[in-house]
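Colleague: Could you walk me through how to read a few features of this model? I'd like the general idea each time, then the case at hand.

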Amino acid sequence: MQNQLNQQVTHSRPNGECTKPFYYGDSINAVVVNALNDMHGRLTDIDMQIKLRDTQLARKRRKRNGRCTACLYTDNYYYLIMADEDGETCNKVLFTNSKGEFYVYRIYYPKYTEYNKKFVAVVFSETKNWVCLNVEKLTEKRLYDSFIAAGVKFDLKNTSNKIKEALWDLFAEAIANIPDGSMIEVNGTAGWNNGKWEHSKNFTGISFPGNPELPVMNKYFCIKYSGKELLEKFWRGISSIENRYCRIVMLEMIVSGVLASLFQDAEIYSDHFLNFVLVGRRDKELFCHLYQVFNRGRWQIQEASDKEKVISDNIRGINDEILIVSMPDGLDAYGQRKSEKNLNRIVNKICRRDCSSLNIPWKVNASLVVLNEFVSDLDSAINIIADECIFTSELTDMLKGNAVDAFLYELVTYVEAHMAEVRAVIKKWSSNQDGNMSLVLLKAIWEILSEFARDKGIDLAVALGIPGTPDWGVMWRSLTDRQEMGERMVKAVRSSMSKFYVKEKYFGCGYVKDSCYYDNEYFWIPIKVFKEIMKTNCIPSNKYRETLVKWKQQELLLPDESGLTYKLRVDGAAIQTYRFRKALFDQPLFVPIEGLGKDEEHESEKGMRVVWHPQNSENYKQCKH
């Protein structure tokens, strides 16, 4: 029996190996032997599990040491590929919302060349989404952050570190080797772009973290006001301007600014600017109400006394608008010279299209308005005296409302809808230039404005109080004539004095209606009389007012306040007059001014005139002249 047991235990495996290492012959220890054998089997199983786990861990370490890559599969999705050292791979979807081949473009800013090597765009062909990024000091993290900022979604099964590795493997080389010509041009300024009026609310360009602060992003355009009622109010305000030529040029200055880039495409631009000579306490914000195109309500006036770089930075951001420049008063000689020098730079840049001025290497599409205390002698200046004849109460009331906002909105809306017709008008005039670029521009704008008004059911000439088509030649000569008006005005006053009474001013002198007054130093002419004299002698109001301002600067005209007039009191009557130095109208060897007028008390002696000796201002002899 014992021998049979021994044989059974010993030969339990085919190869004769004993499966139980412990064996005792006596039956007393059988329980112990069985327990030990069972424990040995369990230990063997544990050892095998440990070896299997070590093998798996080693394999995982080999996978972790393998770098992640990414590629485009036939389903147009990108997959993240993880490969271990044994060549085994594991593929997972990389993007969930970006498909198709990608293309890399350099972002080109024609007006901001300092940014041209900094920014690129990655475009996915099927989903059409963009990823824009700053490539300066590009790292895996910055590349990953740019994709997150652009709204690209990743499969959540992938860790951020694996995604960073895959992105770098997929895009880094393509970004570093962008072919010449692979670029996307971004204008960056507000105004006309491919036939559309762009501003901060409808900018169709690209924006991304780190993108330069493009001017268009800060150009708000008001679209809240429109309608025929506001347009009619606008026309009434403009038509109240006394001088019809000033009426036309002030209106067209708005349009020349708004359509500046369209005209520039046809090489038409104005080489003149409006120089508004401020008379009295004129509110400068009124000019912003009239001429500011963007950000209306946050009035923006460029001070000519600013540093050149400040002026340059401001002008770099303007397009299809009107630049308003203020010439400061009360400066010392150095400050005045600096302001005049800056104004010349601005005129060179805006009016003469100088690509070297103000360190701006392109032509700026804009119009220019200058607010000044003085008449400008620059050839490009059209001087307009900003007094009550220009800024009438009706115009001022209109400017303080929303009529200009409505005009601007209706104008750009019309041009967008009729771009082909507008460009045809511009092209027609570009081929009919007569050597005067500014005059051609005015004619083209008049035709566009006429069609715009007709589209709104308005006759432009009637609305502006202008009979028929303007006489452009006469208008231009009236606005830009540089001949000396002072001499004409002096001759006009002297030749007209015979129609008016001239009385000496002294304490207790009597009042005579429409009479001029004099003393040894001054000569007073009532405003009503002066205007009649100018009209009779065909001297335009804008020209004589311009000359009056010059005389004020030369202290030949002496008002009692900040304007041009002087309130004279005679025998209890208050008369609004111009007070001149009497020497302005007195000429050597000729009759003094007071001797040329009617004398109420000596009408029978009006043929007698006083001869003035040049060495002595005293009247010393009466004789026939």
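Modeller: Let's start with strand 13 (residues 366-372): 7 of its 7 residues are buried, so it is largely enclosed by the rest of the structure. Buried means under 20% relative accessible area, exposed means over 50%, and partly exposed is in between, using a 1.4 Å probe and protein chains only. Strands here are DSSP runs (E, at least two residues) and helices are runs of H or I with at least four, numbered from the N terminus. Bear in mind that this is a predicted model, where local features need pLDDT of at least 70, side-chain atom pairs count only at pLDDT 80 or more, and totals for chains, interfaces and linings use all residues. Residues are numbered from 1 along each chain as its sequence is written, and side-chain values use heavy atoms, with hydrogens and water left out.

Colleague: Which residues of strand 13 sit on one side, and which on the other?

Modeller: In a regular strand the side chains alternate between the two faces of the sheet. For strand 13, one side has Ala366, Leu368, Val370 and Asn372, the other has Ser367, Val369 and Leu371, and all of these are buried, leaving both faces covered.

Colleague: In which sense do strand 12 and strand 13 pair?

Modeller: Two strands count as paired if DSSP finds at least two bridges between them. Strand 12 and strand 13 pair in the parallel sense, over 6 bridges, and Glu321 has Ala366 of strand 13 as its bridge partner.

Colleague: What is the strand order in the open sheet of 5 strands?

Modeller: The order is 15-16-17-19-18, with mixed pairing. Strand 15 (502-504) and strand 18 (566-570) are the edge strands, each pairing on one side only. Inside that order, strand 17 (residues 522-526) and strand 19 (residues 573-581) pair in the antiparallel sense over 5 bridges, with Phe523 bridged to Phe580.

Colleague: Now pockets. How much space lies in the second largest pocket?

Modeller: Points are joined across faces, edges and corners, and the volume is the space filled by probe spheres set on them. The second largest pocket holds about 370 Å³. It has 21 lining residues, and the closest to its centre are Lys219, Gln300, Asn314, Ile318 and Glu321. Helix 9 (308-316) and strand 12 (321-326) each give two or more residues to this lining, and strand 12 gives the most, with 4.

Colleague: And how many disulfides are there?

Modeller: A disulfide is a pair of cysteine sulfur atoms within 2.5 Å, and a search of the whole structure finds 0. For Cys389, the nearest cysteine sulfur is that of Cys246, 9.8 Å away. Cys389 is buried, at 6% relative accessible area, and Cys509 is buried too, at 4%.

How values were computed: On a 1 Å grid over the protein atoms alone, a cavity is a set of points where a 1.4 Å probe fits but cannot get out, and a pocket is an open set with protein on both sides within 12 Å along at least five of seven lines; lining residues have an atom within 4 Å of a point.
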